[in-house]
Amino acid sequence: MSSSDVSVPNSAEVPVRGRGGWDLLGSELAVLFRRRRTWAMLVAIALIPILLAVAVRLSSSTLNPGEGPPFLDRVTQNGLFVGFTAMVVAIPLFLPLTIGVVAGDTIAGEAGLGTLRYLLVAPAGRVRLLLVKYVGAAVFCLVATLTLTVSGALIGAALFPVGPVTLLSGDTISVAESLLRSLLVAAYVTVSLLGLAMIGLFISTLTDVPVGAMAATVVVSVVAQILDVIPQLSWLHPWLFSHYWLRFADLLRQPLDLGSFGQNAIVQACYLAVFGALAYSRFVTKDILS
């Protein structure tokens with residue numbers, strides 16, 4: 001065999017292939033955030049703390065501690081609590097609803113439009129496309145929680161006094177540190193939604209009807225939260241992806257308690273591993289020509 005018969009990879013092709021994945025991700029994020037539906041959902045999320053703050057501002061009654069959602073009685077004392085209260089209100093339904101729409105549309109949306117086969121013609125392949133689709137959903141999780149956090153901080157500062165924050169432990173921290181705690185809460189909630197996003201991606205590989213995948217993802221979220229309040233299933237609660245969703249209150253204590261954050265991350269990682277494997281096994285055998 002002569003040297004001319006040996007196929008030697010061109011080194012110039014390696015960077016091109018490396019960039020292919022980033023180009024695919026950039027294209028996915030561009031498509032996601034150019035959609036009117038995406039911006040409509042983000043606007044709806046931003047309105048949650050705004051409506052909450054306006055309602056409290058216009059109300060003539062004073063809430064006693066423990067009435068209404070957590071932190072609501074502290075809003076009039078410090079506007080920075082608007083974001084925390086809005087997060088509690090949004091986590092059970094509004095955030096899972098938007099994540100269900102985005103994650104459920106990842107693969108099923110492309111299949112329904114007939115564009116999935118063209119995406120897979122690229123050298124990226126099925127595995128890389130699956131990863132890109134999930135990263136896109138994960139980025140939306142982060143953007144959604146940051147939108148709610150920033151909107152809450154701005155409307156809270158506009159309508160209520162802002163100053164040092166008294167934590168649940170009774171300690172007082174500065175405004176700057178409280179803003180850092182707000183970002184940490186946003187990171188906690190983002191991590192909390194990653195398991196649901198992976199479940200939605202898996203469901204999206206099972207059908208060519210995006211609406212069905214979206215609805216099924218939201219239903220899974222609701223069912224998990226119902227199971228989490230049944231005492232007879234207490235053995236199951238720590239393994240439900242929704243179990244730690246509202247435990248971010250531990251981040252509002254002094255000293256900072258990251259125990260719930262770690263437990264939440266472990267549970268979400270388990271769901272990523274299990275449903276990621278299921279999505280992979282389904283997608284690599286999916287008939288994209290049918």
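Of the 290 residues of the protein, 44% count as buried, where buried means under 20% relative accessible area, exposed means over 50%, and partly exposed covers the range in between (1.4 Å probe, protein chains only). The model is predicted, so local features need pLDDT of at least 70 and side-chain atom pairs count only at pLDDT 80 or more, while totals for chains, interfaces and linings use all residues. Residues are numbered from 1 along each chain as its sequence is written, and side-chain values use heavy atoms, with hydrogens and water left out.

**Overall fold**

The protein has 10 helices and 2 strands. These elements are DSSP runs numbered from the N terminus, with helices being H or I of at least four residues and strands being E of at least two. From the N terminus on, the order is α-α-α-α-α-α-α-β-β-α-α-α. Among contacts between residues at least 6 apart in sequence, 76% join residues at least 24 apart; a contact means heavy atoms within 4.5 Å. The protein exposes about 14500 Å², and carbon and sulfur atoms supply 68% of this area. Accessible areas come from the Shrake-Rupley method with a 1.4 Å probe, and for residues only the protein chains shown count as cover.

**Salt bridges**

Side chains of opposite charge can pair when their charged atoms come close. A salt bridge is counted when a side-chain nitrogen of Lys or Arg lies within 4 Å of a carboxyl oxygen of Asp or Glu. By this rule the protein has 5 salt bridges. The table lists some of them.

| Pair | N to O distance |
|---|---|
| Asp105 and Arg37 | 3.1 Å |
| Arg181 and Glu177 | 3.4 Å |
| Asp250 and Arg253 | 3.6 Å |

Salt bridges with shared partners join Arg35, Arg37 and Asp105 into one network. Asp105 and Arg37 form a salt bridge. This pair links distant parts of the chain, 68 residues apart: Asp105 sits in the loop between helix 4 (94–104) and helix 5 (108–113), and Arg37 sits in helix 2 (residues 36–58). Asp105 is buried at 11% relative accessibility, whereas Arg37 is partly exposed at 33%.

Arg181 and Glu177 both lie in helix 8 (residues 175–205), 4 residues apart, which is about one turn of the helix. Arg181 counts as buried at 6% relative accessibility, and Glu177 as partly exposed at 29%.

**Aromatic rings**

A pair of aromatic rings is described by the distance of the centres and the angle of the planes. Rings of Phe, Tyr and Trp (its six-membered ring) pair if their centres lie within 6.5 Å; planes under 30 degrees apart count as stacked, over 60 as edge-to-face, and the rest as tilted. The count comes to 9 aromatic pairs. One of them is Phe241 with Trp245, which is tilted because the planes stand at 55 degrees, with the centres 5.7 Å apart. Phe241 is buried at 3% relative accessible area, and Trp245 is buried at 2%.

The pair of Tyr271 and Phe275 is stacked because the planes are at 0 degrees; the ring centres are 5.9 Å apart. Both residues lie in helix 10 (residues 259–283), 4 residues apart, about one turn of the helix. Tyr271 is buried, with a relative accessible area of 15%. Ring pairs link Phe202, Phe241, Trp245, Tyr271 and Phe275 into a cluster.
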